[in-house]
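Please keep the sequence and the coordinates at hand while reading.

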Amino acid sequence: MSDRTVSDLVVERLSAWGVDRVFGYSGDGIDGVMGALRRAGRPTFVQARHEEAAAFMAVGHAKYTGGVGVCLSTQGPGAVHLLNGLYDAKLDGKPVVAIVGQQASTVLGSAYQQEIDLQRLFGDVCAQFVQSAHAPEQVPMLVDRAFRTALATRSPTCVILPHDVQSAPAPDPGAHQHGVMMTSPGVRPARILPHEDDLRAAAELLTAGERVAIMVGQGAYGAAADIVELAERLGAGITTSLLGKPVLDEGLPFHTGVMGHLGTTASAELMSGCDTLLLVGTNDPWTEFYPAPGQARAVQIDIDGRQLGVRYPVEVSLVGDATETVRALLGMIQQREDRSWREKVEGWVRRWGEIAQARADAPAEPMNPQHVVRSLGSRLPADTQVAVDVGSVVYWYARHLRLPPAVPAHLSSTLASMGCGLPYGIAAKLSAPDRPVLVLTGDGAMQMTGLAELVTVAARWREWADPRFVVCVLNNRDLAEVSWEQREMEGEPRFTTSQQLPDVPYAGYAELLGLRGVRVTSPDEMAKAWETALSADRPVVIDAVVDPAVPLLPPGQPYEKVKAIYAGLAAEDSDIGRRAGTHLRRERADEGYDDPSDSSAGAA
């Protein structure tokens, strides 16, 4: 008992909080905790290839399981590397606890090797709670508060452990004296419901509306059945934020799909035509795609009062759990007989289906990326977990991948950080080794972190009950999303030096690691590639060679809003630019626009 250290106490506390695994990378600054993890045998330590990926894994764990993700790093560079993943947790509102080592207390302030002011470093990203341990007696309280705060505020927190504190003898658990705070692990979520009169005001507003739109975000998880029933009673159409895409069955005839820049034409029609808006658990930033201010009366439901009224003027704000709040509204709202608005919404949904299919079927050189994602279709197993990296692949995921009901899908949405896909997928797989995982990524993100974390997949896959782990790389040798942003936002031509990527044999690299690799260069091969990958006896990388000239076109934009894209393409004088112009004009025609052939012409 006398050999028990503060690090042993930390590891015991992690287990007491229900932590199954800790993601990280070792270093001398955290050796005390590493030793305690070895001695205890649990939680399991998951070694990433880089601390940034470890932090992404912790965020992914929080997203797929609903629990707290935990990441571990040494001081100095290891701590710095955690920041990107922790900001992902902060901006998407997920509970993560970072345990970070530090040089011995006696050298702090001496400009010692790898000495960084860690409280200042983490002061913004872990603003809700970041503390350094100065004495062994302080550590249990810090760990408990870090977990409790992460859960209460849905944010990352940080505990900093100097090396001498880690290795000190564990304090007396029964100490009862001045200056020693005794705390306990564990917390149960509260039941939060709005006041009755606020619910009635919301019900009256929604009932008075003739053209109701419901926008659903990630905060609506668990409320799907009640939201669908509410939409049925109101004759409403439903759209979702990007993070809200997996919440509802996208096969519903009145579900218009994702809204915003990467959304559907049906969602744009819904938002521009509604007179009443109900926001449920969403904080989507694409405000230019919301109804115009003053166009619609609005009700918003969110468990966090800080999110209310910050994206659209809201008449009735309801602080509460989405499921219970929507259920309470159902008791106050009667069935609407007039279905004319609903019929119009369903027409927009059917039209979008035709547009999306036509776009995916359009020829490209050598393949259309929309076809790659859309061809997955009904082949996606119903128990899959999906991870999506950041880039042009997000557009195709948002528009073309219809998720089976209850299939979780996650990505770095608000931070929108490339490199999250493989770490998220690994976290998903470790949380449910008996379920297949699909990772959709671009070649830019794959080169950023994916190639390294594929090594992690190769090292661990034999432990999984279901070995299926499919990574589909959209390989266009271009940072395509930014290329289109250069054209759309700046009216500039694509800057080849900044945008062109090295050609990497992704399938061959997978084979070198003992995995399976499939390279696809023809749309006729894509269906077989999906079937092969989803029935394989080991992880598979699909290297899908696609055309960078396919547009990332925002829906429903007048010519004046896209004129800059034509100007940028006209200045490129390249084969890609000419193909992109042809694709752009064709997709605009799909939406009913007849853009002038001269990019400097007036609005259509």
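## Basis of the description

The model is predicted, so that local features are given only where pLDDT is at least 70 and side-chain atom pairs only at pLDDT 80 or more, while totals for chains, interfaces and linings use all residues. Residues are numbered from 1 along each chain as its sequence is written, and side-chain values use heavy atoms, with hydrogens and water left out.

## Nonpolar cores

A nonpolar core is here a set of buried Ala, Val, Leu, Ile, Met, Phe, Trp, Tyr and Cys residues joined through side-chain atoms within 4.5 Å; buried means under 20% relative accessible area, exposed over 50%, and partly exposed in between, with a 1.4 Å probe and protein chains only. The largest nonpolar core holds 54 residues, of which Ile214, Ile227, Leu277, Val280 and Leu329 touch the most other members. Helix α12 (residues 340-361) supplies the largest share of this core, seven residues; helices (H or I, at least four residues) and strands (E, at least two) are DSSP runs, numbered from the N terminus. A second, separate core has 53 residues, including Phe56, Val96, Val130 and Leu422.

In soluble globular proteins, nonpolar side chains tend to be buried together. Leu329 is in contact (heavy atoms within 4.5 Å) with Leu199, Ala202, Ala203, Leu206, Ile301 and Leu318, when residues up to four places away in sequence are not counted.

## Selected buried residues

Asp226 lies in helix α9 (residues 224-234) and is buried, with a relative accessible area of 11%. The side chain of Asp226 makes a polar contact with the side chain of Arg327 (2.8 Å); such a contact is a pair of N or O atoms within 3.5 Å, where within protein one must be able to donate a hydrogen and the other to accept it, and where residues adjacent in sequence count only if both atoms are side-chain atoms. Apart from neighbours within four places in sequence, Asp226 is in contact with Thr323, Val326, Arg327 and Leu330.

Thr240, in strand β8 (residues 237-240), is buried with a relative accessible area of 0%. Beyond four places in sequence, Thr240 touches Val216, Lys245, His255, Gly257, Val258 and Met259. Leu411 belongs to the loop between β14 (409-410) and α15 (421-431), yet it counts as buried at 2% relative accessibility. The residues touched by Leu411, again leaving out those up to four places away in sequence, include Lys63, Asp92, Leu242, Val394, Tyr397 and Tyr424.

## Pocket and cavities

On a 1 Å grid over the protein atoms alone, a cavity is a set of points where a 1.4 Å probe fits but cannot get out, a pocket is an open set with protein on both sides within 12 Å along at least five of seven lines, and lining residues have an atom within 4 Å of a point. Grid points are joined across faces, edges and corners, and a volume is the space filled by probe spheres set on the points. The second largest pocket has a volume of about 410 Å³. Among its 22 lining residues, Glu250, Arg374, Arg399, His400 and Arg402 are the closest to its centre, and β9 (255-258), α12 and α14 (392-400) are the elements that each give two or more residues to the lining. Helix α14 is mostly covered, with nine of its nine residues buried.

Residues lining the largest cavity include Pro369, Ser392, Trp396, Asn476, Asp547 and Leu552.

## Backbone features

A cis peptide bond, with omega about 0°, joins Arg42 and Pro43, and Pro43 lies in the loop between α2 (31-40) and β2 (44-47). The peptide bond from Glu365 to Pro366 is also cis, with omega near -10°; Pro366 is placed in the loop between α12 and α13 (369-374).

Ala406 has a positive phi of about 75° although it is not a glycine; this residue is found in the loop between α14 and β14 and is exposed, with a relative accessible area of 71%. Ala416 likewise has a positive phi, near 55°, and sits in the loop between β14 and α15, where it is partly exposed at a relative accessible area of 38%.
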